[in-house]
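I opened this entry to record what I looked up in the model.

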Amino acid sequence: MGLSSLRDVPWSRARQVILGAGILLPALSLTGCSKHTIGSLKRLGLPAATDDRAVYTQHLWIGAWIAAGCVGFLVWGLILWAALRYRRRSDDELPVQTRYNLPIEVLYTVAPIIVIAVLFFFTVETQNKVLATVAHPDHSVKVVGQQWSWTFDYLHEPAVGGRSVYDVGTPAHLPELWLVKGQTVTFNLRSPDVIHSFWVPSFAMKLDVIPGRQNSFSVTPTRTGTFVGRCAELCGWLHSRMLFSVHIVGEAAFNRHLHDLKAAGQIGAPMGGEAANTVSGLGKGNGQS
């Protein structure tokens with residue numbers, strides 16, 4: 001239907017055509033989407049969760065978008081209402097001029113405070129759930145972020161006689177982090193040089209790795225697969241190459257990997273470089289083992 005023919009159609013009919021097209025076109029586009037794409041749309045772009053804590057972040061993420069959408073529609077509605085209600089008339093008369101409107105001014109002062117307070121409350125509540133400690137995790141992994149790679153120390157693993165073994169890598173040969181599906185792991189983060197940030201996107205959270213301070217968090221992986229990890233803090237000129245892989249596997253495959261590390265002589269808990277126990281400005285012996 002061209003523009004010339006559309007002018008001959010009554011407005012009510014034209015409105016039905018436009019409304020129908022507005023509903024039909026998105027519906028047709030969604031029918032052509034894959035299951036993966038539809039799932040991503042439902043999560044509003046967040047990766048599919050691979051651990052038990054990601055669901056809390058997903059709920060906060062979607063809730064924040066719903067709140068933003070409500071505020072946006074309210075603002076757009078008020079803009080359109082003001083534009084239509086006070087549009088220029090044929091008689092060219094100006095609308096009544098008002099210097100101030102106390103109820104409106106109170107509304108746009110109080111409403112943002114309420115919105116921010118509600119979002120702050122749910123953010124803190126989600127943060128507490130995500131960072132809740134586990135008293136007796138199945139595994140403990142010390143994550144060392146150093147310029148320009150990662151070291152993963154699997155501490156006191158029964159599968160290798162209670163010893164500690166480690167995975168290490170370089171920007172050219174990415175390190176690998178191995179986890180067990182359904183078993184809780186606590187990550188203890190440390191850095192011997194500058195601030196890094198330990199980020200596995202499918203965990204839906206990240207935590208800074210700060211020299212002289214040990215941050216920690218726990219997760220329980222919920223599905224197997226290989227996932228991407230990276231540094232999320234601009235830490236220097238090779239920051240973009242601080243990548244690693246996360247392998248979530250069954251217990252048997254995990255134990256085999258630990259035995260491979262032991263056989264390769266990767267025994268102990270290296271701290272990530274010669275300066276591992278030196279924090280700049282604090283002298284020696286300030287690193288945490």
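I examined strand order first, working on a predicted model. I found an open sheet of 5 strands in the order β3-β2-β1-β5-β8, and the pairing is mixed. I noted β3 (163–168) and β8 (215–219) at the edges; each has a single partner strand, so one side of each lacks a neighbour in the sheet. From one strand to the next, I read an average twist of 20 degrees.

I then took up the pairing of β2 (residues 149–157) with β3: the two run antiparallel and are joined by 5 bridges. Within this pairing I located Thr151, which stands opposite Val168 in β3.

**Cysteines.** How many disulfides does a search of the whole structure find? I recorded 0. I checked Cys231 next: its sulfur lies 3.9 Å from the closest cysteine sulfur, in Cys235, which is too far for a bond. The cut-off I applied for a disulfide is a pair of cysteine sulfur atoms within 2.5 Å. I also looked up accessibility. Cys231 counts as buried at 5% relative accessibility, and Cys235 is buried too, with a relative accessible area of 8%.

**Nonpolar surface.** Which residues make the nonpolar surface patch of about 780 Å²? I listed Tyr100, Leu102, Val106, Val110, Ile114, Val118, Phe121 and Phe122. I followed up Leu102, which I placed in helix α5 (residues 102–130).

Conventions: Residues numbered from 1 in each chain as written. Predicted model: local features only at pLDDT ≥ 70, side-chain atom pairs only at ≥ 80, totals over all residues. Heavy atoms only, no water. Patch = residues over 30% accessible without salt bridge, like charges linked within 9 Å, V, L, I, M, F, W, Y side chains within 5 Å. Areas by Shrake-Rupley, 256 points an atom, 1.4 Å probe, with all protein chains shown as cover. Salt bridge = Lys/Arg side-chain N within 4 Å of Asp/Glu carboxyl O. Helix = DSSP H or I, 4+ residues; strand = E, 2+ residues; numbered from the N terminus. Pairing = 2+ DSSP bridges. Axes fitted to C-alpha atoms, helices over the stretch in contact; angles between N-to-C directions. Buried < 20%, exposed > 50% of the residue type's maximum accessible area, 1.4 Å probe, protein only.
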